[in-house]
Amino acid sequence: MSAIGARIPQLALRAADAHVEVDIEGSEATSLLWAFLRRGRLVLAGLPGGGKSTEIKKLAARLCALAHAPLPVPVSLPEVNARDRATTSFRDQLITVAVRDVPAEYRDILRAEIEHRLVHGGVTLLLDSLDETYGDRGTVVSDIESLIAEISPDTDILLATRDIAYADAQRLSWQTARLGPPTEIGRTVRAILEAASTQDNKMVADPQRWIDQRIAWIDTVLEQDHGLRETPLMPVLLAMLATEREQAALPVGRARILAAIIEDLLAPKEVKRQKGNTHSEPQQRKRQVSMARAFRMEATALLRGQKLISRDVVIKEVADDLRQYFDLSEGDAKADATDAVHFFDEAGIFVIAGASQTVAPRVALFAEIGDALRIADKPHDAESWVAARIDGRQAEPLILAAALNDQVAAVLASAVRQRPNDRAVMHAAVQAVTEGAHMHERDIRSLCEALINDVATGDRASWRSWRELSKLPVPPDLAEPAISASTAHSPDHATVATATLDIRFRSRAALIAAPQHLLDVLTLHDLPKQGNPSETDAPVSALRWPPVIDTSDIPSPIDRALVDVQYAAARILLGQVPAATALVVECARNEPMGNHRLLRLLGERRFTKEASTVASARVEREDRIVQEFVRASGRAGVDLDQNDRSRDTVILSVLAARSQAELSWQQRNRLQELADFVETLDLSDLSASRQLLALADATLHQICELAARLYRFDLDVLAAQAQIILDRTAGTNVSAYRHHAAYDCLFDGSVERTSPDWTGVHAEDAVPVIMKMFTLAGPQASVAAKALWYAPSHVAQVAVPLLRDFISRTRSGSIHHRLAASVLCTLVDGPEPAAWVSSLDPGLRAVAATMLPPEAPTFDHDLRQLIDDADAHVQESALRRYAKEAPPDLHSVLRTVANRPRPGWTCHSCRTLNLPSGQPTCANESCGHRGPDPHLVAAELLVKLAPAECR
């Protein structure tokens, strides 16, 4: 952090790590360590300030501590590139830079070791900052390609770069890992503040209070702009700013905070980054002024170019400004401008990207605050600037500049009067006031009048103007016009407006004495939506399918103005007006998920019984929502004990408990055999595999050995690779989450083997083991079904009687019942599935609809019979199968189903028989599962069949 002006001691990474994960195409976010070991060669890319260099240091440290890992060799590519390579090779210079900081007595030893491993394998090159080799990037990548050709294929390489050099890195054809946002940035911020609080020059009397105050300030800033959380850089800059100022001097308001970051931190950073800086103090001040002007000019150029502009254009505009301001020669001005543009690129503020060398702000706010700072310094240009920003619909610079300069705020207020129907300008002006802009009373009045006139139009979007109006100090004589305007929406909207202004202008005692307006607002559940089309009037194509989640328990979004005024009314009346208690309790029950203000208020006011009732009702409602989501998304269940990480060691221990092969370098580090094995057994969700992992070790051994034989896995290699994972996760000094990452990463790039080979496998021994898997959770039952799907005849002879017996004993409609019945159909030539068309079991009828052979003479008749079945599950299965066969009358059949009433259905969860045209969810209140709807299936299929006709 010294590079950005930090004056605190170095921090231990363990205490300050913000925890950044990587995303790789087609994979979930994961640790860089495991993702890299699974691939061996990888490009690490990310946003400026995203922590690439820090992640490389972490990776090197973790490789050193990891069992069976290669030797890490971190190397700075800019330093290699800066060396004279006229007489020495890229490889020699790379090693020279790698060992440069090693004590002299060990340098030759380490150099020889690296040379040996480059030839024989066992080393990892961590190449940092390709982007900072600038014009030599292409040459450096060519050097890397040449190096790869002459070293062992068992040499792993990580190449880190920002996006500006990504096109060059892509020449290597490696996968790319992109850094995600930090997930624990609070740890970093706290570590910086704790280190700063112990410095001698701080003289902090109460360090904990000093730290907590600054953390609260930083949290507020980050909450206002979530984009500032995308990399560790901005929170770190905020923490640095907080260490340099007293609590009273910390800026208030977004504009002043951003301005302080730019002015106080980035300018010192620029000066200090120059090693051996010999500038005199006047020269340093001039350089800081130059960088400040360059920042403003680059920001303005970017906004003019809609936040994307070529590097050469930016340099020219900045150079022109510096030349005029400092009376520089064209050459000096261009050199300073080029230096500034490159600096802001390196700092992750205005980023140069791609082969076309276009410049864009890393976060839009950087360009917007820069543009605002420029006009705040030159307010005599405010009128033309405000007009240009309004015409360009660029509200953010307007808001920031008005908060920084009173003259700009006055011009913005004037624009509101000149554009009385421009809603965006009104709302920008309100936002500026809430962020600290100072406007004259007459300007505030004009703004209120404009907002009231907009509310009076009565269209749906104009209600936001009421919410904006409520943020302003409304003059008392405008209260009645404001309430009158709200009646254009609905009487309920007027109730909200009346209560809001009552609270604003009447005393607490007066409201308690005459509480009717506040009681009225507490009776509202929501505000009516103007102009909402009725769902029943929507065309078929507008119907959403599938219904991912049952929303019957989810309250519709509640208007923020209503929520806020109800909370304010409750604070005044609860415990003072008896009639308010029941109303507040009802409002608390219906608060949006995640909002518990009224519930907390009940507790604070000692309404303990009511608070307990509300809490229980909300927990029950939210649990139903979560469980419906789990069911709709096909998950076997929710494992609340996600931190129980011993289960992954069960399967690994079973695999490792046999002779272990001597592994090659690739086998030891890529672990591909083990990865494909656990993928084939579908062990990615250990929570859903609890039943499997709870089996006796002997049974698990049988399953693993059978799977290895059927899918041609090497058990000795699996044993050795399982032992490696066990060794790597044996430590107790890692969190449960990171402990489990070594196992989870096996599924990153794993390949399921799908074609079982029954050659040489004794069916009499194997099929009973597979039937045991049919009794386990869904993932393993599916594995069992795949193993028997269209199995050869000698296997079918053993499996068919066992499957028929299993089907007769298994609950109809369950995943196990459906899988076993479907597999049976692939192994017999009758009487199943045709015999199930008229079965009394709706689960078997649904399987028949899916599995009937199209060549059967009664196929069309049987399928049409199932389309008209009394059970909705059966109808859905038959409809999808009918659509797949695409008969000539498909359109008319789908239309018929789409227009007829919903049939009854048997719940697959609790076996309750639900009546036709009943509720969409199961009638059993303790179940609540959502039922099938052939009408929606038919609508979906019609859209796919003839989308033009359905629009």
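**Strand β4 and its neighbours**

Mentor: Six bridges join strand β3 (residues 71-76) to β4, and the two run parallel. This is a predicted model, in which local features need pLDDT of at least 70, side-chain atom pairs count only at pLDDT 80 or more, and totals for chains, interfaces and linings use all residues. Residues are numbered from 1 along each chain as its sequence is written, and side-chain values use heavy atoms, with hydrogens and water left out.

Trainee: Which residue in β4 is the bridge partner of Leu 71?

Mentor: Two strands pair if DSSP finds at least two bridges between them. Strands (E, at least two residues) and helices (H or I, at least four) are DSSP runs, numbered from the N terminus. The partner of Leu 71 in β4 is Val 123.

Trainee: Are the faces of β4 covered or uncovered?

Mentor: In a regular strand the side chains alternate between the two faces of the sheet. Buried means under 20% relative accessible area, exposed over 50%, and partly exposed in between (1.4 Å probe, protein chains only). Val 123, Leu 125 and Leu 127 are buried on one side, and Thr 124, Leu 126 and Asp 128 are buried on the other, so both faces are covered.

Trainee: Which residue in β5 is the bridge partner of Leu 126?

Mentor: Four bridges join β4 to strand β5 (residues 156-162), and these strands run parallel. The partner of Leu 126 in β5 is Leu 158.

Trainee: Why does Lys 58 count as buried?

Mentor: Lys 58 is found in helix α3 (residues 52-65). Lys 58 counts as buried because its relative accessibility is 10%.
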